[in-house]
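Student: I am new to this structure. Please take me through one part of it closely, the helix contact and the salt bridges around it.

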Amino acid sequence: MQEQLDIFSNTENECSFDNLRPETKLYKQIEPDMIKVVGTNNAPADSITFTENKSYFTLLYRSNVVFRVHFSKKAGWIEIPKRLRDIAVRHGKQLSGETDSYLKIDVDGVEAACCDLFFYSELLDMQIDLYPTAHSCCSRYVECSNAKCCVNPDKEISMDCYYRKNLKAGKIFFGDDANI
């Protein structure tokens, strides 16, 4: 059974970082950067969740796994979806194993894992880009073209727009800066 982790609640209204599990410490360290990535993509803040599973924790973008993490007294690992292999290779990650769906990367503890903020940001950014879209564009396509990003104030509509992905890739079909 999956349980969403509430890392902010504390009965004494104080957060004791030392008492957190290593996986939660990692998430607390990278959370500000994850929120920035979500904001940069005009996604709703609640589109990322950090959940506790039976033997690992998972960072999700909507329903897609960004990464899974586990630390024990002897070892730690992070697993990423296979479709994100290029990011791991670009960051020089040594793969220590793989399953049908995931690539495993060994880590030497929370402190070492926390040093990879850009890696986690890229994983999340790519998962956002790979998330299926529901429509091509909305009535704001010219405004978006001129701004070179999605300007729709409704974050759910914005995230379901395929034209947003084109703009992010530098493909502008309409407006003053059209290049396609």
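Tutor: Here is a look at one helix pair, then at the salt bridges. This is a predicted model: local features need pLDDT of at least 70, side-chain atom pairs count only at pLDDT 80 or more, and totals for chains, interfaces and linings use all residues. Residues are numbered from 1 along each chain as its sequence is written, and side-chain values use heavy atoms, with hydrogens and water left out.

Start with helix α1 (residues 22–40) and helix α4 (residues 117–130). Helices are DSSP runs of H or I, at least four residues, and strands are runs of E, at least two, numbered from the N terminus. The two axes come within 9 Å and cross at roughly 45 degrees. Axes are lines fitted to C-alpha atoms, for helices over the stretch in contact, and angles run from 0 to 180 degrees between N-to-C directions. That makes α1 oblique to α4. Angles under 35 degrees count as roughly parallel, over 145 as roughly antiparallel, 65 to 115 as roughly perpendicular, and the rest as oblique.

Which residues of α1 and α4 make the contact? From α1 come Leu26, Gln29, Ile30, Asp33, Met34, Val37 and Val38. From α4 come Leu117, Tyr120, Ser121, Leu124, Asp125 and Ile128. Contact means heavy atoms within 4.5 Å. These residues divide into nine nonpolar, two polar and two charged. Ala, Val, Leu, Ile, Met, Phe, Trp, Tyr, Cys and Pro count as nonpolar, Asp, Glu, Lys and Arg as charged, and the others, Gly among them, as polar.

Now the salt bridges. Side chains of opposite charge can pair when their charged atoms come close. A salt bridge is a side-chain nitrogen of Lys or Arg within 4 Å of a carboxyl oxygen of Asp or Glu. The whole structure has 13 salt bridges.

One of them sits inside α1. Glu31 and Lys28 pair there at 3.8 Å, N to O. Both lie in helix α1, three residues apart, about one turn of the helix. Glu31 counts as buried, at 12% relative accessibility. Buried means under 20% relative accessible area, exposed over 50%, and partly exposed in between (1.4 Å probe, protein chains only).

Another involves α4. Arg90 forms a salt bridge with Glu122, the closest N and O atoms being 2.6 Å apart. Arg90 lies in helix α2 and Glu122 in helix α4, so the pair ties together parts that are 32 residues apart in sequence. Arg90 is exposed, at 53%, whereas Glu122 is buried, at 16%.
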